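Subject: Structure handover

Hello,

Here is the structure I promised to pass on. Please open it next to this email and follow along.

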Amino acid sequence: MATGQILAFTAAGAAKPLAEAIERHGQQHGTLHAIVVPWESEGDTVSMAVTSVRTDGWAIEHTNLGTITLTDLGNQITRVVVIAHEPDHPEKEKLAGLLGGFAADIRSTFQAP
């Protein structure tokens, strides 16, 4: 998986509530999780980590796939950028597909008309 921006769009709503909505959306679909990373967020920008979560009994494996950056542009408009990270995982291609699909899904769900 290449590292870098894979998708950018504008969405209706302020950055923080939109981040919460994206987080809930990821939880409902189960394959990936997007969680707010407060220590990387500042001012009008919210950062979210996108991870793949695999469970096997008591073991839980989290693999970092990318970052979603939400920048509040004012007037209830937010710029959303999805950036892929190179995972240290043997299933890189599969994980790249998951992130790409998740990015496309959030764009189709949240993109401003």
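Among contacts between residues at least 6 apart in sequence, 56% join residues at least 24 apart. Contact here means heavy atoms within 4.5 Å.

Before you read on, two notes on the source. This is a predicted model, where local features need pLDDT of at least 70, side-chain atom pairs count only at pLDDT 80 or more, and totals for chains, interfaces and linings use all residues. Residues are numbered from 1 along each chain as its sequence is written, and side-chain values use heavy atoms, with hydrogens and water left out.

The overall layout

The protein has 2 helices and 5 strands. Starting at the N terminus, their order is β-α-β-β-β-β-α. Helices (H or I, at least four residues) and strands (E, at least two) are DSSP runs, numbered from the N terminus.

Of the 113 residues, 38% count as buried. Buried means under 20% relative accessible area, exposed means over 50%, and partly exposed is in between (1.4 Å probe, protein chains only). The protein exposes about 6500 Å². Carbon and sulfur atoms supply 52% of that area. Accessible areas come from the Shrake-Rupley method with a 1.4 Å probe; for residues, only the protein chains shown count as cover.

The core

Which residues have the most contacts inside the largest nonpolar core? They are Ile22, Met48, Ile68, Leu70, Phe102, Ile106 and Phe110, in a core of 24 residues. The elements that give two or more residues to this core are β1 (4-12), α1 (15-29), β2 (32-36), β3 (45-56), β4, β5 (77-84) and α2 (92-110). A nonpolar core is a set of buried Ala, Val, Leu, Ile, Met, Phe, Trp, Tyr and Cys residues joined through side-chain atoms within 4.5 Å.

Take methionine 48 from that list. Leaving out residues up to four places away in sequence, methionine 48 touches Ala19, Ile22, Glu23, Ala34, Ile35, Val36, Val37, Gly66, Thr67, Ile68 and Leu70.

Now look at helix α1, where alanine 21 has its place. Alanine 21 counts as buried, because its relative accessibility is 17%. Alanine 21 and isoleucine 106 are 85 residues apart in sequence. In space they are 9.8 Å apart, C-alpha to C-alpha.

Threonine 69 lies in strand β4, which covers residues 59-74. Is threonine 69 buried or exposed? It is buried, because its relative accessible area is 19%. Not counting residues up to four places away in sequence, threonine 69 touches Thr45, Val46, Ser47, Arg79, Val80 and Val81.

Asparagine 75 has a positive phi of about 55°, although it is not a glycine. Glutamine 76 has a positive phi of about 60°, and it is not a glycine either. Asparagine 75 is exposed, with a relative accessible area of 79%. Glutamine 76 is exposed at 51%.

The segment after α2

Glutamine 111 is found in the segment after α2. With a relative accessible area of 42%, glutamine 111 is partly exposed. What does glutamine 111 touch, not counting residues up to four places away in sequence? Its contacts are Phe9, Thr10, Ala11 and Ile106. Glutamine 111 and isoleucine 77 are 34 residues apart in sequence, and 9.9 Å apart in space, C-alpha to C-alpha.

Best wishes
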